[in-house]
Amino acid sequence: MKIIAVKSSPRKNGNTNTIIDKIIEGARENGHLVRVYDLNEMNYKGCQACRVCKEKGVYCIINDDLKDYWDKLRTADVLVLGSPNYMGTVSGLFKSFIDRHYCTKDIKMNSKLPPNKKAILVFSQGVSDKTYYKSNYDVIEKYLKTHQMEVQTIIHSGHVHAREDKELMEKGYQLGKSL
Ligand SMILES: Cc1cc2nc3c(=O)[nH]c(=O)nc-3n(C[C@H](O)[C@H](O)[C@H](O)COP(=O)(O)O)c2cc1C
């Protein structure tokens, strides 16, 4: 299986990255190939609304660090995406990345991606109530579902680091293992 993991927190050992690493650990133990993208280390723009992807039926033509991502996305079986919660929703870095997926729909807004991929979303927030921002995370979940992806979401909340939450760590590991 081909898996893409996209990290977006600037905190290398932060909560979202720690959970993503557990998922990767489980997946690699099963012999799956995981390609990691760390958005905070990459240079890329938000969508430029050039619509070349619509007019010419291609993936994004911007020549930046997301250049090789589109082909990896097309052929991946599983997508693991993580974002810290900034100001109630996903971070700016993550939103700019998601906006670039405009190119994955054709002019009629049908998906260009092969269907039936799996996606795992990982979010981390300071507010301990996991339902508090759920509707904002649902926006990302809903978008991925328009590509016929089966989506699972893990939320870390509060001020105890994710690595101290044995249940959450096990959940991440088992999710990776189950792929
Ligand atoms: C710029 C910024 C804005 C934040 N805004 C919120 C917020 O609106 N609600 C919240 O619950 N936590 C907020 N937080 C806290 C982070 O979501 C929280 O610390 C999270 O665990 C960080 O994830 P990470 O460890 O993966 O980087 C904010 C943190 C930063 C740096």
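Trainee: What makes up the shell around the ligand, by class?
Mentor: This is a predicted model, to begin with. The shell has 10 polar, four nonpolar and one charged residues. Gly counts as polar here.

Trainee: Which residues of the shell come nearest to the ligand?
Mentor: S9, G14, T16, P84 and G126, out of 15 residues around the ligand. A residue belongs there if its C-beta atom lies within 6 Å of the molecule. Two or more residues each come from α1 (15-29), β3 and β5.

Trainee: What makes β5 mostly covered?
Mentor: Seven of the eight residues in β5 (residues 118-125) are buried. Buried requires 20 or more other C-beta atoms within 10 Å.

Trainee: How do you know that β5 pairs with β3 (residues 78-86)?
Mentor: Pairing takes at least two bridges. β3 and β5 have seven, and run parallel. One of the bridges joins L81 to L121 of β5.

Trainee: And how many bridges link β5 to β6 (residues 150-157)?
Mentor: Eight, also in the parallel sense. A119 has V151 of β6 as its bridge partner.

Trainee: Why is the unit of β5, α5 (residues 134-145) and β6 called right-handed?
Mentor: Point the strands away from you: a right-handed path from first strand over helix to second runs clockwise. The β-α-β unit of β5, α5 and β6 is of that hand.

Trainee: Which residues of α4 (residues 92-99) are buried?
Mentor: L93, F94, F97 and I98. They lie on the same side of α4, because their arc around the axis is only 130°. Their cover includes β1 (2-7), β3, β4 (89-90) and α5.

Note on methods: Residues numbered from 1 in each chain as written. Predicted model: local features only at pLDDT ≥ 70, side-chain atom pairs only at ≥ 80, totals over all residues. Buried ≥ 20, exposed ≤ 12 C-beta atoms within 10 Å, placed from the backbone. Helix = DSSP H or I, 4+ residues; strand = E, 2+ residues; numbered from the N terminus. Arc of directions from axis to C-beta. Contact = placed C-beta atoms within 7 Å.
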